[in-house]
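Welcome! Here is a short tour of one structure, starting with its charged side chains and moving on to its sheet.

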Amino acid sequence: MLDPPLTPHGEKQCRDLCDRFPFHSSIGLLVSSPLRRTIQTTLLAFEPEISRGVRYFALPEVQETSDLPCDTGSNLSVLKQDFGDRPVDLSLIPDDWDSKKGKWAADHAAVEARCRETRNWLKSREEDHIVVVSHGGLLHYLTDDWTGSGKFQGTRRPFLRRVKKMLFPNAYDPWYTGTGWENVEYRSYHFVEGDGENASLEETEESRQRRSEKPLTKEEKTQLRETVPQDGGEALKI
């Protein structure tokens, strides 16, 4: 199914997140992937920010990493029809954002480049606290935090993965990587000073303690990062 919406259970999870998220009053900007489910998540989970007029951009660079129909966005004209009367700014979405080609391709190099561009865009913003609503696969690239990335490996869409592997044996398949992110999980990051154009992110101490995660050393991060596939094939096996 192309760009499916949230299920009723997903909508309930978003409302629950809204109730337990402790930082509503400090958020100065909302950003999400333009897929239906992430737009809906933002509108439901961050309703307090929406109500007080916090600006909300749909940002195509943080769309999901795979090119499966469920991870491919709707055409811009469809988004304008469905969300044109909602408080989400669609002006940053180009007509070809859903093509999964070129800049928007579902391959390692393209995803990395989009995430680097996103980090620099976020860093250039004047707001101190920004919410980014995205997808488990993409968030590992955006944060360069690969802890738990094999958590759900081999459990999601096994039939579709086998079919795609037979049809496109050399294609990059993010489903093999899994993700360490739960649905409606939130974490906090800050930018690393002096990191130049890479604009690296580091998880805050409060966020790590909240999920009982021990921080990785620079060497451990490098070792995890090197397990990501460069040109297709199976990915993380940690």
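## Salt bridges

The structure holds 13 salt bridges, a salt bridge being a side-chain nitrogen of Lys or Arg within 4 Å of a carboxyl oxygen of Asp or Glu. Side chains of opposite charge can pair when their charged atoms come close.

A word on the background: this is a predicted model, in which local features need pLDDT of at least 70 and side-chain atom pairs count only at pLDDT 80 or more, while totals for chains, interfaces and linings use all residues. Residues are numbered from 1 along each chain as its sequence is written, and side-chain values use heavy atoms, leaving out hydrogens and water.

## Pairs within a helix

Let's begin with Lys12 and Asp16, which form a salt bridge whose closest N and O atoms are 2.9 Å apart. Both residues belong to helix H1 (residues 8-20), and because they are four residues apart there, about one helical turn separates them. Helices (H or I, at least four residues) and strands (E, at least two) are DSSP runs, numbered from the N terminus. Lys12 is partly exposed, with a relative accessible area of 46%, and Asp16 is partly exposed at 34%. Here buried means under 20% relative accessible area, exposed means over 50%, and partly exposed lies in between (1.4 Å probe, protein chains only).

In helix H8 (residues 205-210), Arg208 and Glu205 are three residues apart, about one turn of the helix. Their side chains meet in a salt bridge of 2.6 Å, N to O. Arg208 counts as buried at 13% relative accessibility, whereas Glu205 counts as partly exposed at 42%. Elsewhere, salt bridges that share partners join Asp3, Arg36 and Asp82 into one network.

Which residue does Arg37 meet in a salt bridge? The partner is Asp71, at 2.7 Å from N to O. This pair links distant parts of the chain, 34 residues apart: Arg37 sits in helix H2 (residues 36-45), and Asp71 in the loop between strand E2 (56-58) and helix H4 (76-83). Asp71 counts as buried, at 2% relative accessibility.

## The sheet

Now for the strands: three of them make an open sheet in the order E2-E1-E3, with parallel pairing. Two strands pair if DSSP finds at least two bridges between them. E2 and strand E3 (130-133) are the edge strands, each pairing on one side only. Strand E1 (residues 29-32) pairs with E3 in the parallel sense over four bridges, and Ser32 stands opposite Val133 in E3.
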